[in-house]
Amino acid sequence: MNWHYHRMTIAYTGALMLFSSNIGKKTVEPAYYIHPFPAHKTVAPFTIYLTFDDGPSAGSEIVNELVEKEALPVNVFLIGRNVCLTQRSRELFRKYRSNPLVEIGNHSFTHAERRYEKYYRRPLSVLADIDRSRDSLQLENGLVRLPGRNIFRVDSLSRDDHGNGSVAADTLAANGYQIFGWDLEWRCHPGKGIGLHTGEEMMELVNSLLSRKKTFHQGRLIILLHDKELLDENFRTELETFISLVKKSDNCRFGHLSDYIRDDQ
Ligand SMILES: [Zn+2]
């Protein structure tokens with residue numbers, strides 16, 4: 001399994017680093033020695049990624065304000081056509097772009113016209129649609145979220161959902177894109193299997209999933225949100241509660257998806 005291979009690679013690299021770090025030192029600790037306070041423990045062991053889809057939209061201004069107020073790293077997955085649509089959406093895009101805490105990803109140009117089954121039947125058209133958004137927005141990081149599909153293709157890690165997007169995802173991965181799904185969707189209204197949660201309940205859920213290793217990639221948890229739902233004041237308050245709980249926590253921190261693989265555990 002790819003994941004095991006990845007873990008083995010990390011373990012092996014770690015072992016090499018342990019040996020090489022000892023070279024030339026007077027006291028050489030045996031390889032089995034475990035330091036009681038390893039340096040990397042200063043970093044919280046779990047990373048949470050807040051990802052906002054379908055922008056720019058009416059809620060994007062609030063996302064930007066929240067990010068600045070909380071010094072919060074987030075990822076936004078933008079729809080190319082939405083960016084190009086109006087003067088206002090282009091301005092929102094520029095604000096995202098000038099904010100280093102906001103990492104911009106590609107959510108296609110057309111959002112499949114919301115006809116997903118038909119869209120994913122033509123993988124090369126999907127590639128063209130993603131390329132179009134990349135070129136229109138001049139995106140360089142290769143981060144993609146597929147419209148209507150919770151699929152991962154990140155380095156050697158891969159997961160499909162129950163839809164028909166796997167061939168398109170493979171095509172995108174072969175063309176250098178990294179595709180991110182999500183572990184948990186948080187919406188302001190319940191439905192389609194998504195429950196209504198307060199900020200405190202979300203924190204409990206997040207801790208539970210991470211500690212039981214129920215996320216796609218161990219130690220990391222991706223939350224899917226939508227810009228426009230921040231227009232709901234109650235939802236925004238709950239999100240702010242959640243953010244403050246994460247900040248107070250010793251276990252968790254927020255991160256950018258570009259560090260998803262590199263992030264130390
Ligand atoms: Zn979407």
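A residue counts as buried if 20 or more other C-beta atoms lie within 10 Å of its own, as exposed if 12 or fewer do, and as partly exposed in between; C-beta atoms are placed from the backbone. The model is predicted: local features need pLDDT of at least 70, side-chain atom pairs count only at pLDDT 80 or more, and totals for chains, interfaces and linings use all residues. Residues are numbered from 1 along each chain as its sequence is written.

View 1. Helices (H or I, at least four residues) and strands (E, at least two) are DSSP runs, numbered from the N terminus. Of the 265 residues, 34% count as buried. Two residues are in contact if their C-beta atoms, placed from the backbone, lie within 7 Å. Among contacts between residues at least 6 apart in sequence, 77% join residues at least 24 apart.

**View 2. S108 and Q138 both have a positive phi without being glycine.** Most residues other than glycine have a negative phi. For S108, phi is about 80°. S108 sits in the loop between β3 (102–106) and α5 (116–120). It has 25 C-beta neighbours inside 10 Å, so S108 is buried. For Q138, phi is about 55°. Q138 lies in the loop between α6 (123–137) and β4 (143–144). Q138 is exposed, because 8 other C-beta atoms lie within 10 Å.

**View 3. A cis peptide bond joins G55 and P56.** Its omega is about -5°. Most peptide bonds are trans. P56 belongs to the loop between β1 (46–55) and α2 (60–70).

**View 4. The largest nonpolar core holds 54 residues.** A nonpolar core is a set of buried Ala, Val, Leu, Ile, Met, Phe, Trp, Tyr and Cys residues joined through C-beta atoms within 7 Å. Which residues touch the most other members? They are I48, V76, L78, I179 and I223. Leaving aside neighbours within four places in sequence, I179 is in contact with residues including V144, L146, F152 and L172.

**View 5. Helix α9 covers residues 233–248.** The expected span of a helix is 1.5 Å times one less than its number of residues.
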